[in-house]
Amino acid sequence: AAATLLGAGGGVLLDHLTRPLTGDQGQLSQALVTMGLALLAADACNTLFGAAPRPVPPPTLLGGSVHLGAMGYPVYRLAFIAVGAVVAVGLHWVLRHTTTGLTLRAVIADPRMAAATGIRPTRVRAGAFAVGGALATAGGVLGAPILGPAPGADTTVLTLSLVVVVIGGTGSVLTILAAALLVGQVQTTGVLAAPLAAPFALFTVMVVVLVLAHRGSPQARLR
């Protein structure tokens, strides 16, 4: 709980730090600034806490494994998947079926028009960053026993997150979830079938999706 609150505060701070740098230049500039700050924060953490990996054991209650058919699965990983599914469904419901989600989508689509209707885009943006920071921190805490806190883990997660967003787009939580599942399957299958080619397979899928999306865009059809 404390880490989640700290993450929410960090999200609000990130909003205030990036707002003067990004202005109205769009999501790409915001993503680049965020990744740059994340790299700086990672170097600062390495300096302060050292670069040695820190193994984190799962809670005793969720230790062990269960057998599903002929395969054994760690209980903690199954619990992690369940939490991720609940968060995905909850986010989809909030964004599509609540006033809060409607307000957020309006601010993302056209901040000036939203402001003209009485909405305060700065507050909505700060709230979105707070929720995003809280979820990112909760995901990091829950994922620590699986990934293991170590130098480079942040870069791996950021890269995979970027690939998921590129493949799934930003229009729906469900498409993001489908993209995340696709990335997981490609990465797992690639590691088992061809470990050296696994990273290339992942980015090949991303390139194919980008090409198909471009061909299906209205601008491409007009040419």
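Visitor: In the hairpin of strand 1 and strand 2, which residue takes a positive phi?

Guide: Welcome! This is a predicted model, in which local features need pLDDT of at least 70, side-chain atom pairs count only at pLDDT 80 or more, and totals for chains, interfaces and linings use all residues. Residues are numbered from 1 along each chain as its sequence is written, and side-chain values use heavy atoms, with hydrogens and water left out. Helices (H or I, at least four residues) and strands (E, at least two) are DSSP runs numbered from the N terminus. The hairpin has 2 residues between its strands, and the one with a positive phi, near 75°, is Gly69.

Visitor: In which sense do strand 1 and strand 2 pair?

Guide: Two strands pair if DSSP finds at least two bridges between them. Here Val66 has Tyr73 as its bridge partner, while Leu68 has Met71. Strand 1 (residues 65-68) and strand 2 (residues 71-74) pair over 4 bridges, and the sense is antiparallel.

Visitor: Which residue forms a salt bridge with Asp15?

Guide: A salt bridge is a side-chain nitrogen of Lys or Arg within 4 Å of a carboxyl oxygen of Asp or Glu. By this rule the count comes to 1. The closest N and O atoms are 2.4 Å apart, and the partner of Asp15 is Arg125.

Visitor: How many residues apart in sequence are the parts that this pair ties together?

Guide: Asp15 lies in helix 1 (residues 2-22) and Arg125 in helix 6 (residues 121-147). The pair therefore ties together parts whose separation in sequence is 110 residues.

Visitor: Is Asp15 buried or exposed?

Guide: Buried means under 20% relative accessible area, exposed over 50%, and partly exposed in between, using a 1.4 Å probe and protein chains only. Arg125 has 16% and is buried. Asp15 has a relative accessible area of 0%, so the word for Asp15 is buried.

Visitor: How are helix 3 and helix 6 oriented to each other?

Guide: Axes are lines fitted to C-alpha atoms, for helices over the stretch in contact (heavy atoms within 4.5 Å), and angles run from 0 to 180 degrees between N-to-C directions. Helix 3 (residues 75-97) and helix 6 pack at about 165°, with axes 10 Å apart. Angles under 35 degrees count as roughly parallel, over 145 as roughly antiparallel, 65 to 115 as roughly perpendicular and the rest as oblique. Helix 3 and helix 6 are therefore roughly antiparallel.

Visitor: What is the angle between helix 7 and helix 8?

Guide: Helix 7 (residues 153-168) and helix 8 (residues 173-193) have axes 8 Å apart, and the angle is about 125°. That makes helix 7, relative to helix 8, oblique.
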